[in-house]
Amino acid sequence: MYKDSNFTSGHPSNPQQLSQASLTCLSNICLVATDMDGTLTTKGKFSAALLQALEDLTAVGIKVLIVTGRSAGWVSGLSSLLPVAGALAENGGLFYSSGSEQPIALTPIPDLTVHRQHLALVFEQLKIKFPQIQESSDNRYRITDWTFDVASLSPDDLQILGNLCQQMGWGFTYSNVQCHIKPQGQDKAVGLLQVLQEHLPNYSPKQVVTVGDSPNDESLFNRLYFPVSVGVANVLQYANQLQHQPTYITAATEGEGFCELSSYILKSLKLNSHR
């Protein structure tokens, strides 16, 4: 499904392997903005090692933000239960600050009822061409977007779905879990930059490392926004679908890849402290 040649080092747009040589680039990092499914999770679960990595980063003053496509309903709970500074839900549509139960809208929606009706109509139009698509189980807990399961769809199907949404005036993206019908212009990087500017103004994009594994993380890999980004190794399966590649790639996949990055960040801090 992918070609390794797309990810060779030496070209500015291709990732380098995360290694000891990466410590210099990680030495200024103060905030980790990370996807969740397939990036923090391993086979769909949080591991003990992952929870320890989040605790270790927090203990040395590194803030962690989750930036996920998951629903407002899911993220509301996660942001209060995990040792993180907050979470962005629905691919940059909403922000939950740690300790707050009320989301901050990053995508303004004047009339929520009408918005959900419009999304439902778009989904019904897509079902005419793709009758097999099924509304995802967490769609009822969503505010800004509409989701359906990605499992039965090929890369060509996903391209067609994206084109159909665009023709109807909507955005479209997908992860390893779900497809998202969303407002145009709503994406993870736009939402994260807004949160940094309005809620975490002491952190510049140069102090942030962004982490992901799927096409809906692609804007986080755009080096014009975030100079340092990391893809966990399972991002390789989407090599041919990504215009923007991460700066670095881990050796390990999923949550183990995130733990690998966490370890390098902690090493870079120790290296700095001994200088």
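Thr173 counts as buried because its relative accessibility is 13%; buried means under 20% relative accessible area, exposed over 50% and partly exposed in between, with a 1.4 Å probe and protein chains only. This is a predicted model, in which local features need pLDDT of at least 70, side-chain atom pairs count only at pLDDT 80 or more, and totals for chains, interfaces and linings use all residues. Residues are numbered from 1 along each chain as its sequence is written, and side-chain values use heavy atoms, with hydrogens and water left out.

View 1. Strands (E, at least two residues) and helices (H or I, at least four) are DSSP runs, numbered from the N terminus. Leaving aside residues up to four places away in sequence, Thr173 touches Asn91, Gln178, Cys179, His180, Lys182, Pro215 and Asn216. Contact means heavy atoms within 4.5 Å.

**View 2. Strand β4 (residues 86–89), covered on both faces.** Gly86 and Leu88 are buried on one side. Ala87 and Ala89 are buried on the other.

**View 3. Pairing of β4 with β3 (residues 63–67) and β5 (residues 94–97).** Two strands pair if DSSP finds at least two bridges between them. β3 and β4 run parallel, joined by three bridges. β4 and β5 run antiparallel, joined by four. Gly86 stands opposite Leu65, and its bridge partner in β5 is Ser97.

**View 4. The hairpin of β4 and β5.** Four residues lie between the strands. In this hairpin, Glu90 takes a positive phi near 55 degrees.
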